[in-house]
Amino acid sequence: MLCPSQDDHFAPSKDPIKYGELVVLGYNGSLPTGDRGRRKSRFALFRRSKANGVKPSTVHLLNTPQASKAVNCKGQHSISYTLSRNQTVVVEYCHDEDTDMFQIGRSTESPIDFVVTDTVSAGPEGEDTPVTQSTISRFACRVVCERGPPFTARIYAAGFDSSKNIFLGEKAAKWKNLDGHMDGLTTNGVLVMHPHGGFTQESKPGVWREISVCGDVYTLRETRSAQSPGKLVESESNVLKDGSLVDLCGATLLWRTADGLFHTPTQKHLEALRQEINAQRPQCPVGLNTLAFPSMQHGRALSSLEDKQPWVYLSCGHVHGYHAWGQRAEQQPSGPQRECPMCRTMGPYVALWLGCEAAFYVDAGVPTHALVPCGHVCSEKSAHYWAEIPLPQGTHAFHAACPFCACQLSLTQPVARLIFQGPVD
């Protein structure tokens, strides 16, 4: 079996030092319109030439809006906690030469390093579900990385705006901790889940938690935007681990450490696996025509389907070429039903697409399994890993979803083992 080439990645010991990468779930290697500038499907965090981190310093208790405005206009980073119309706590932040700060959010203003918009989930037929109104904060969160070994990355809710301020208004969830420092939550919150065992073949889902503005860990609120916080979880921290998931209420990000990426399959490795599968000349068992997975750069639009495109009966896993027979008039919630000519099993019939985003793979295994109902193909262990991860959907639900297109996976059969027929000659 092929092994990922470590030459395709930045080795952890090489300069520039890479802290890790944030990869948006629901995109198969790039945004549908292409990656441009700060708006892309993955964002690499490198050590900056000059530290830009900040840390808490002076605390002010102000009784007039004018006094609060005067503090905020000093040009320093600050977080304002509005307790009432006449009382505000402002925490000033000073430069921290030991950390680098990276900010993520929906805003395209200059303080945002990684612009993230709502992920549009694709249906089983490739159609997009429109987003009516974004629920991602303009300044959603910030990741702070230590500039020295072991280059620990920590996540905090909320980001500093163009005035270097974070404002938590009267209606925002906020409180004073036992040690006296103020803290709070953003409107829809920043949720984090650390998988047990890291991002490996043996990993298991962790528990979703909420991260505060100051980086403390809390249980989830009763509802996503409730004003009362959950309970403090003192045994857990805001340190990101390889495979940690960060949900911004509209988009979910996967954190991969530099070391984790170093041992992950590469685009070159996935392309070699595609060519290896095609070299075996799998055939449609009925039409007897040779099937072949399209190149990794091939679009998923239905208009781009090729004659050799593999299709699958998801209920049984038999792989065919496209054909129009076997349709049944009755409709199921999962969509149109087809009868497999090989085993007579009824079920959805969809095109197969290789998962191209290497960061979503937990191993370098051969793509042998499809996610149901979208038809994205990846290794067996990667497919089963994502089938067990409950991802936030909207403001209150959790469902497993395909990492390559964000389509919600089937509750009864989230993964299908593919059955290819070899050439008859």
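A residue is called buried when its relative accessible area is under 20%, exposed when this is over 50%, and partly exposed in between (1.4 Å probe, protein chains only). The model is predicted, so that local features need pLDDT of at least 70 and side-chain atom pairs count only at pLDDT 80 or more, while totals for chains, interfaces and linings use all residues. Residues are numbered from 1 along each chain as its sequence is written, and side-chain values use heavy atoms, with hydrogens and water left out.

**View 1. Leu 254 in strand β17.** Leu 254 is buried, with a relative accessible area of 0%. This residue belongs to strand β17 (residues 252-257); strands (E, at least two residues) and helices (H or I, at least four) are DSSP runs numbered from the N terminus. Beyond residues up to four places away in sequence, Leu 254 touches several residues, among them Glu 21, Leu 25, Phe 199, Ser 244, Phe 360 and Trp 386, a contact being heavy atoms within 4.5 Å. Leu 254 and Leu 25 are 229 residues apart in sequence, yet their C-alpha atoms are 6.8 Å apart in space.

**View 2. The largest nonpolar core.** Such a core is a set of buried Ala, Val, Leu, Ile, Met, Phe, Trp, Tyr and Cys residues joined through side-chain atoms within 4.5 Å. The largest one has 45 residues, and those with the most contacts inside it are Leu 45, Ile 104, Val 143, Ile 155 and Leu 248. Apart from this core lies another, of 32 residues, including Trp 208, Leu 270, Leu 273 and Cys 378.

**View 3. The pairing of strand β26.** Strand β26 (residues 376-379) runs parallel to strand β24 (residues 353-354), joined to it by two bridges; strands pair if DSSP finds at least two bridges between them. On the other partner, strand β25 (residues 367-371), the pairing is antiparallel over three bridges. Val 377 stands opposite Leu 354 and is also the bridge partner of Ala 370. Four residues separate β25 from β26 in a hairpin, and Gly 375 in the turn has a positive phi of about 90 degrees.

**View 4. The second largest cavity.** About 40 Å³ of space lies in this cavity, a set of points on a 1 Å grid over the protein atoms alone where a 1.4 Å probe fits but cannot get out. The volume is the space filled by probe spheres set on the points, which are joined across faces, edges and corners. The lining residues (an atom within 4 Å of a point) include Val 24, Tyr 27, Arg 39, Lys 40 and Thr 117.

Key:
1 Å grid on protein atoms, 1.4 Å probe; cavity = no way out; pocket = protein on both sides within 12 Å on 5 of 7 lines; lining within 4 Å.
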